[in-house]
Structure formats: structure tokens, C-alpha cells
Amino acid sequence: MENKAHALIAGLFTVVLLLAAIFGVMWFNGDRVQRVPYEIATKLSVPGLNPQADVRYRGLNVGRVDTIVFDPQSPGQILIRLKINLDTPMTPATYGTLGYQGVTGIAYIQLDDDGSNPAKLASSASKPARITLRPSLFDNIQTKGAAILLQAEETVAKLNGLLAPANQQVMVAAFSDVSKTANAFESIPRQLEPTLAKLPAMTEQLNQALMSITTLSQNMTVLSHTLNTLSTSLQGPNGAVSRLSATMANVGSVADSVQYDALPRFNVLASEARSSVRALNETLEHFNQQPQSILFGSKGVPPGPGEAGFIAPVK
């Protein structure tokens, strides 16, 4: 009888100890921090994200993921309920992204703020405020990776087309032409060797030509200076140009005198000479017709028709 009582006491003690251990575990694991609910509605994939996952604000642990469910009112949309500490600076500009812990693939919510709206974001259990979930680095890599893979596929297709048999023949022919061209270029230096050997002599001749040009230029400078001096002396007050101008002026005066004085006198003299010659001719003509007039004088002029003593000639 005494042994049964001891066994009963031991059993009761074990049960009480087990219940205390369970209560202690539940107490230590219990979340006694007061948090505010927020909600994320997204159509992005959330691989590796589970309830009780961490929520971090710029690396600091500020809460946990409460639930993850599909939105019954929007097909394909996922609702993620978060529990965020009261002192977390949640604003309308706060947004979330998915982060991953090392290589384990366990995801968490990374919160950040772009600072565009610093006002406090109000939220409550009955109406939790929604924050946006932006594509994570993995999502961007996945999206761009798909685009890169598509471009790589197009590049491979183009390379396959470029390496078609017909194009291969063309490329082989092109390489052959390039090889021939290279061989032809190899002979160019040998062909240029005689010309290159003459370059020193040509350079010397060119230097001499340049020296001659320099000398000619100096001579031209001296000649120009001489011409300038000669031009100055000719155009001076007592220069040849001035004397020539004076001489031309004198010649002009003489010409005017000849034109306006000597020539009229010469014309009058010539007119009188012509009258004298004409009178002499008439006198000589009269002597030729009546040579006796030298001894007997000249007959008078016979009367004309209508004058006294006019005798008409007999027919």
C-alpha cells in the first residue's frame, strides 16, 4: 500500500514536471512584443518565404511574417501579413523586397524607404496598411537572365546562320584573299628599298633647293627695297616724274600755241599763196592766148548779149 502511494506521487510529479516544461517552452517561444499588422499584396513570386520569416528594416530585425495566403478577390495575387514593431519608421514610401539568407534559400522581407513621403503610415488590425513589394535582386536577375538567354539564343541562331556551309566557303575564300594580300604586302618593303636608298640624296637635294629658295627670297627682298627707293626718288619733288610732268606741260603749251596762233596764220598765208598762184595762172593763160598784148596791150572784154556793140555769132 505504501509502495502504490509512492508510485502515484512519482507519476504526478512527472506529469507536473512535463507540463511545466511544456509551459516553459511555450512561454519562452511566445511573442510578447507588441507589433502592428501590415500587409503586402503582390503578384510577384515569393520563393523561400514562410510564415514566421524575419522582417528586417535596413538590416535590423523589426518583425515577422504572420501569414501568407492567396487573395480571394484578385486571382494570382498573394497577401502577406506582417507584424512590425511599433517603433519601426513605417511611411507611405516604405517598400519591401525579398532577401535571402546565404545559400539556404530561406527568404525574409527586407523593408526600405526612398524618403519621398516621411509621413507616418497608420495601420490597425482591422484595416492593415499595405506596402508595396518591389522586385528583388533575384527577380531582376531572373528577368534579365531570361532576356539574356533570349538574346543568347538569337545570337546562337545568327551564328549558326553565319556558319552555314555557303558562308563557310565565303569566309574561307576571304581568308585566302587576306593571305594573298598579306603576301603581296610582304613584297612591298623589298620594292621600296631602292627608293628608300635614294632618300638621303633626295633629302640633300631638297635641302639645297630650300637654301636656293632662301637666297632667292633674300635677293627679292633686296630688289624690293631697291625698287622702293627708286620709286621714292622718282616720285620726289625734284624727281624724274615731276620733271617729266613739267616737260609735258610745256609741250602742251607749245602745242596750244601752234594750234591757236601759228596754224591760223599759216592758213591765211596758204590762202593768199593760192590766190597769187591762181592770178599768176590766169595772167599766164592770158599771155598764151594773146601774146601781142605784151606790145599792144590787151583787148577789152567784148560786149555780152544785151550790151552795146554785141554781135551775135553767124551760124
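Which side chains meet in a salt bridge at 3.8 Å, N to O? In this predicted model, in which residues are numbered from 1 along each chain as its sequence is written, local features need pLDDT of at least 70, side-chain atom pairs count only at pLDDT 80 or more, and totals for chains, interfaces and linings use all residues. Side-chain values use heavy atoms, with hydrogens and water left out.

The side chains concerned are those of D54 and R56, where a salt bridge denotes a side-chain nitrogen of Lys or Arg within 4 Å of a carboxyl oxygen of Asp or Glu. D54 counts as buried, with a relative accessibility of 16%, whereas R56 is partly exposed at 22%; buried here means under 20% relative accessible area, exposed over 50%, and partly exposed in between (1.4 Å probe, protein chains only). D54 also forms a salt bridge with R64, with 3.3 Å between the closest N and O atoms. Because D54 belongs to strand β2 (residues 54-57) and R64 to strand β3 (residues 60-70), this pair ties together parts that are ten residues apart in sequence. Strands (E, at least two residues) and helices (H or I, at least four) are DSSP runs, numbered from the N terminus. R64 is partly exposed, at 33% relative accessibility.

In total, the structure holds eight salt bridges. One of them joins E39 to R81, the closest N and O atoms lying 3.7 Å apart. E39 is buried at 10% relative accessibility, while R81 is partly exposed with a relative accessible area of 24%. A network of salt bridges links E39, R81 and R130.

Strand β1 is mostly covered, with six of its eight residues buried. Its pairing with β4 is antiparallel and extends over eight bridges, two strands being paired if DSSP finds at least two bridges between them. Within these strands, V36 stands opposite I84 of β4. β1 also pairs in the parallel sense with strand β7 (residues 129-133), over three bridges, and A129 in β7 is the bridge partner of Y38.

Helix α3 (residues 165-234) comprises 70 residues, yet its end C-alpha atoms are only 91 Å apart, short of the 104 Å that a straight helix would reach; the expected span is 1.5 Å times one less than the number of residues. A kink of about 40° is located at E193 in α3, shortly before the proline P194, the bend being the angle between axes fitted to the seven residues ending at a residue and the seven starting there.
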